[in-house]
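Me: I have a structure open and want to go through it with you. Can you take my questions as they come?

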Amino acid sequence: MMRVKLDDKLLMQVEKPAKYTGNEWNMVRKDPEAVQVRFAFAFPDDYEIGMSHLGMKILYHTMNKREDTYCERVFAPWVDMERLMRERGIPLYALETYTPLSEFDIVGFTLQYEMSYTNILNMLDLGGIPVLAKDRNESHPFICAGGPCAVNPEPLADFIDFFVIGEGEEVIHEIIDAYKEWKNSGKDRAAFLELVAGIEGVYVPSLYEVVYYDDGTIMDILPKSEKVPDVVRRRIVKDLDQVDFPDDIIVPYIGTVHDRIMLELFRGCIRGCRFCQAGFIYRPVRERSPEKLNELARSSVRKTGYEEISLVSLSTSDYSALPAFCDELLAFTEKERVNLSLPSLRVDNFSLGLMERASKVRKSGLTFAPEAGTQRLRDVINKGVTDEDLKSSVQLAVAGGWNSVKLYFMLGLPTETMEDVDGIADMGISLVESCRGIADKNGGGLQITLSTSCFVPKPFTPFQWEPMDDIETLTEKQHHLKDRIRRRTRKIVYHYHNPRISHMEAVLARGDRRLGKVIYTAWKMGARFDGWDEHFSFERWQEAFRANGLDSAFYANRRRDFSEVLPWDHIDVGVSKEFLIRECRKAYEGDLTRNCASGCSNCGATVYQTGICFKQKRNNEQAGG
Amino acid sequence: MARALRFRFARDERLKYIAHLDVLRLFERAIKRAALPVAYTQGFNPRQKIVFGLPIAVGLTSSAEYADIEFEEDLSPETFISRINQSLPEGIEVLEAVPIRNMGRIMSLIASARYEIAFSMPEAMAQDELSGIVLDFLDQEDITVMKKTKKGTRPVNIRPLIYSLSARKQDSGGYVMEAFLCAGAENNLRPDLLMQAFSQKTGLELTVESIHRKAMFASDFNEWKSPLEVTDD
């Protein structure tokens, strides 16, 4: 077995060398010779980002509980380290044993963000593994990928041997078992891929053929053999209390983005905001019990020594047992001097009281996400927030001593007009004005940071057919907004996102497998860390499109017909296409859809036979007698 | 048994790539894991009452780092050492601890440090010649170098900060500089800056391979003493 050797001279030349040396508290140590399966969990971004990712912690823990498997971690080396590694011929290695990536049995990438795709190619290459799936043979590891972006796996079809759609805790065991079976059988590489293609939730792109019309749209997506399913259904965990959740997480030496214990309250979201992919691809809502969570909080603090716990979910306020759960949790955190952070809370008297108790730190910032500037547009996106809600929430917060507020909006939502854009500025300004009297008592007045991102239509949302605003339109809207704010007040700081990065994100999000060539070309031309402004080059991507005779606008800015075959139509996340079409039509009517807690809207997620769908049904039956 | 302890710890190769603030955080978390009855500061953001003697730079190994810690109840040095070591990662180890009466003076106590600096040169040099060069270097009254500070780069005469210096050739072919330097919150000469100055002033082309802090001292009535011996103030 080969082990990578790193010397002082190399490590002293790079920023934060501890990103590359491992050996952290709670890192799992095993004898690689004593296991049957070696799995490299690869995060296609920097260590500081990757070590903040809950999914990796869960799967690392789940796999390492098996005696027959050793799961190790790999991150994308930052550009300074990559340069030195290439200069000295050092292959990309896993942090646990310094084993080169090419020596693993399976390498699994997590797809959290489209703009990290080029890092995957770069990591494979740096790890001594052929970048294209078709170039790999029996001496190479299998490359798999999962995570939210895997719901449209097509742009990565050329590079990934198999995708895992949905939640990994259970399916990963089936995959490892299949690998052991295959390894003992002595069969060829194709035989393993056929074997895993039979596991629910596993998608092997090379076993499907995509047929196109002349205009570049898809005619059909066909399985190449009868053994593979026409449609691959997303896997979910039925009962969160029945799967392991890590309490012995790795404690990094250097600060990471989310350097704390994360307690996952529930998966899914009851809200159904029409732009939000997470709101659809994690259905149905399934909660972890408060008893289990409190137990995890205690054991996690004991095993990690962390000074902070964060509650994790898409909408903390929607956790059904929140008040009682928080009471018990706070009793523990106060005693242990642990800070509790409560993201994605709706602001009301209850939550402000909670925040007051939870965090002893200075009352710095509160975050609100109205997403759109007018009531009309908020109705379009099914964001059930009114101007009055927001105003009273902010006033409440300011009166409670919070004097800085962050507001998040999106530019380019379907049906948006300049009136809606003006509405964003006006909302901020009216908040500053309405809080003037209250804030002055605390001194300083209310400071607002207003941020706009660019709306990116995502697969499996009611807006999956929508054209994205082009770069010029988004830029114009940003300038207009900046101008309007600057002319009216100095109390608002305005931030906005680079629309060129968002454009590429949109292309990759809804792309088909022809994009593989573009991604490959862009990477060859030097693309990596595309999500980082300082490394992203729009011109490079455009050149990669031209070189392959494709147009990025076809993917980003084109309206699809409801009848068009979408590149991800052979993936089923549980939510039906009929429901998404219904939601899209309602959006144009400005009609709201109730949330899952108030009643079922028949999205299709009942196929999973679990979660809120059934809790709700039971409640209704009880109410109806 | 005591409410406050001063302790010495070592850091080896395995953890030399983390910065001073990371070492602080590492200790805070180890103390929490060990469930030691550490005292906390009052106020909005309670912090553990632990104070470190001198920052430890990235890349530096050390067998003599010092810190003061205060507890909510009395604790014996032996209990502290055994419990904290079980919770510290490999690469950092607490070696000694003594009771102190007043917590937190360690920062102002540290006055000097002894370093062992391994270096290499492209062309071999005899011991005599090397010793001569070091003596000539020390003979200067003014060794001014540019030092980076928070306020920018400014010239500093480092000669008064060098207490002793000698170089020896190793059997393996490398060289080791033994340096005894002024250290502490007020005046501090970093060993890498010393080597940079040495290279600049003597014209010797050299590469620093590793730096090890062997000892740190407090000044007690004109005598160098271990910080663990200066505890009754």
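Me: Which residues touch the most other members of the largest nonpolar core?
Reply: Ile160(A) and Phe162(A) do, in a core of 223 residues. Bear in mind that this is a predicted model.

Me: What does Ile160(A) touch, leaving out residues up to four places away in sequence?
Reply: Ala133(A), Ile143(A), Cys144(A), Ala145(A), Pro153(A) and Pro205(A). As background, nonpolar side chains in soluble globular proteins tend to be buried together.

Me: Now a charged one. Is Arg235(A) buried or exposed, and why?
Reply: Arg235(A) counts as buried because it has 21 C-beta neighbours inside 10 Å, and the cut-off for buried is 20 or more.

Me: Where is Arg235(A) placed in chain A?
Reply: In the loop between strand 9 (232-233) and strand 10 (261-264) of chain A.

Me: And what does Arg235(A) touch?
Reply: Setting aside residues up to four places away in sequence, Arg235(A) touches Ile165(A), Gly166(A), Glu167(A), Glu170(A), Val171(A), Glu200(A) and Gly201(A). Glu200(A) is 35 residues from Arg235(A) along the chain, and their C-alpha atoms are separated by 7.0 Å.

Me: Helix 5 of chain A next. How many of its residues are buried?
Reply: 9 of 10, so helix 5 (residues 117-126) of chain A is mostly covered. The buried residues are Tyr117(A), Thr118(A), Asn119(A), Ile120(A), Leu121(A), Asn122(A), Met123(A), Leu124(A) and Leu126(A).

Me: What comes just after helix 5 of chain A?
Reply: Gly128(A), which takes a positive phi of about 80°.

Me: Switching to domains. Which ones does chain A have?
Reply: The domain assignment gives domain 1 (8-232) and domain 2 (362-514 + 550-593) of chain A. Their centres, taken over C-alpha atoms, are separated by 33 Å.

Me: How many residues of domain 1 and domain 2 of chain A are in contact?
Reply: 23 residues of domain 1 of chain A are in contact with 21 residues of domain 2 of chain A. On the domain 1 side, the elements giving two or more residues are strand 7 (208-212) and strand 8 (218-223) of chain A. Strand 8 of chain A gives the most, with 4 residues.

Me: And by class, how does that side of domain 1 of chain A divide?
Reply: The side of domain 1 of chain A that touches domain 2 of chain A has 15 nonpolar, 3 polar and 5 charged residues.

Me: How many bridges join strand 16 to strand 17 of chain A?
Reply: 8 bridges join strand 16 (residues 404-411) and strand 17 (residues 447-454) of chain A. One of the pairs is Leu411(A) with its bridge partner Cys454(A) in strand 17 of chain A.

Me: Over to chain B. What do strand 6 and strand 7 of chain B form?
Reply: A hairpin, with 2 residues between the strands. Strand 6 (residues 144-149) of chain B runs antiparallel to strand 7 of chain B, and 6 bridges join them. Thr149(B) stands opposite Gly152(B) in strand 7 of chain B.

Me: How many residues of strand 7 of chain B are buried?
Reply: The count is 0 among its 6 residues, so strand 7 (residues 152-157) of chain B is hardly covered.

Me: Which domains does chain B have?
Reply: Domain 1 (2-104) and domain 2 (111-219), according to the domain assignment. The C-alpha centres of these domains of chain B lie 29 Å apart. 10 residues of domain 1 of chain B are in contact with 10 residues of domain 2 of chain B. By class, the domain 1 side of that contact has 5 nonpolar, 5 polar and no charged residues.

Me: Last one. How many residues does the contact take from chain A and chain B?
Reply: 20 residues from chain A and 19 residues from chain B. Helix 1 (8-11) and helix 9 (290-304) of chain A each supply at least two residues of the chain A side. That side has 10 nonpolar, 4 polar and 6 charged residues.

Methods: Residues are numbered from 1 along each chain as its sequence is written. Chains are lettered from A and ligands numbered from 1 in the order in which they are written. This is a predicted model: local features need pLDDT of at least 70, side-chain atom pairs count only at pLDDT 80 or more; totals for chains, interfaces and linings use all residues. Two residues are in contact if their C-beta atoms, placed from the backbone, lie within 7 Å. Ala, Val, Leu, Ile, Met, Phe, Trp, Tyr, Cys and Pro count as nonpolar, Asp, Glu, Lys and Arg as charged, and the others, Gly among them, as polar. A nonpolar core is a set of buried Ala, Val, Leu, Ile, Met, Phe, Trp, Tyr and Cys residues joined through C-beta atoms within 7 Å. A residue is buried if 20 or more other C-beta atoms lie within 10 Å of its own, exposed if 12 or fewer, and partly exposed in between; C-beta atoms are placed from the backbone. Domain bounds come from an automatic or database domain assignment. Two strands pair if DSSP finds at least two bridges between them.
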